[in-house]
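Below is a short report on one protein chain. It goes from the overall layout to single side-chain pairs.

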Amino acid sequence: MSLFNIFEVSGSGMSAQSVRLNTTASNIANADAVSSSVDETYRARHPVFAAEMTKASASQAQNQPSSMKVAVKGIVESDKPLIKEFSPDHPMADTDGFIYKPNVNVMEEMADMISASRTYQMNTQVADVAKNLLQQTLRMGK
């Protein structure tokens with residue numbers, strides 16, 4: 001495994017956490033959105049990550065050390081039930097007087113945002129340490 005693989009691995013981690021931060025921001029932005037039907041109501045979204053096992057197992061079959069990057073497999077909507085609230089005076093109320101609110105828990109989203117932010121920072125630190133190690137290696141010849 002080349003030391004340069006570290007940049008690919010940490011870069012894939014930063015890219016994945018960036019997607020996670022974007023979906024969290026979208027969830028928080030839509031947390032207070034109100035709708036008059038279940039179908040139009042915003043649902044919390046979460047990215048699905050997976051290690052790129054195929055490439056790693058292929059290189060292990062050739063007895064080469066491998067590193068695994070992370071890949072974003074998709075973004076799924078939460079199955080949690082929507083919040084149904086009786087509010088007949090609300091302008092978005094349906095014919096029965098109900099409004100529907102997203103299934104976004106702002107506290108969970110904030111915790112997810114902090115986790116994604118710290119993971120992103122850790123990946124940048126890994127890349128920075130690898131860069132410093134490469135620079136020190138190059139200076140050894142001087």
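Two residues are in contact when they have heavy atoms within 4.5 Å. Among the contacts in the chain between residues at least 6 apart in sequence, 66% join residues at least 24 apart.

This is a predicted model, in which local features need pLDDT of at least 70 and side-chain atom pairs count only at pLDDT 80 or more, while totals for chains, interfaces and linings use all residues. Residues are numbered from 1 along each chain as its sequence is written, and side-chain values use heavy atoms, with hydrogens and water left out.

**Layout and surface**

The chain has three helices and four strands, in the order α-β-α-β-β-β-α from the N terminus. Helices (H or I, at least four residues) and strands (E, at least two) are DSSP runs, numbered from the N terminus. Of the 142 residues, 25% are buried; buried means under 20% relative accessible area, exposed over 50%, and partly exposed in between (1.4 Å probe, protein chains only). The accessible surface of the chain is about 9400 Å², and carbon and sulfur atoms account for 56% of that surface.

Ala-127, in helix 3 (residues 106-139), is buried at 15% relative accessible area. Ala-127 touches Phe-7 and Ser-10, leaving aside residues up to four places away in sequence. From Ala-127 to Gly-11 the C-alpha distance is 8.0 Å, although 116 residues separate them in sequence.

**Aromatic pair**

The whole structure has one aromatic pair (ring centres within 6.5 Å; planes under 30 degrees apart are stacked, over 60 edge-to-face, the rest tilted). The rings of Phe-86 and Phe-98 have centres 5.3 Å apart and planes at 65°, so the pair is edge-to-face. Phe-86 belongs to strand 3 (residues 83-86) and Phe-98 to strand 4 (residues 98-101). Phe-86 is exposed at 53% relative accessibility, whereas Phe-98 is partly exposed at 25%. The charged end of Lys-84 also sits over the ring of Phe-98, 4.4 Å from its centre (NZ of Lys or CZ of Arg within 6 Å of the ring centre and within 35 degrees of the ring normal).

**Salt bridges**

The structure holds six salt bridges, each a side-chain nitrogen of Lys or Arg within 4 Å of a carboxyl oxygen of Asp or Glu.

Lys-131 and Asp-128 are both in helix 3, three residues apart.

Definitions and conventions. Accessible areas come from the Shrake-Rupley method with a 1.4 Å probe; for residues, only the protein chains shown count as cover. Rings of Phe, Tyr and Trp (its six-membered ring) pair if their centres lie within 6.5 Å; planes under 30 degrees apart count as stacked, over 60 as edge-to-face and the rest as tilted.
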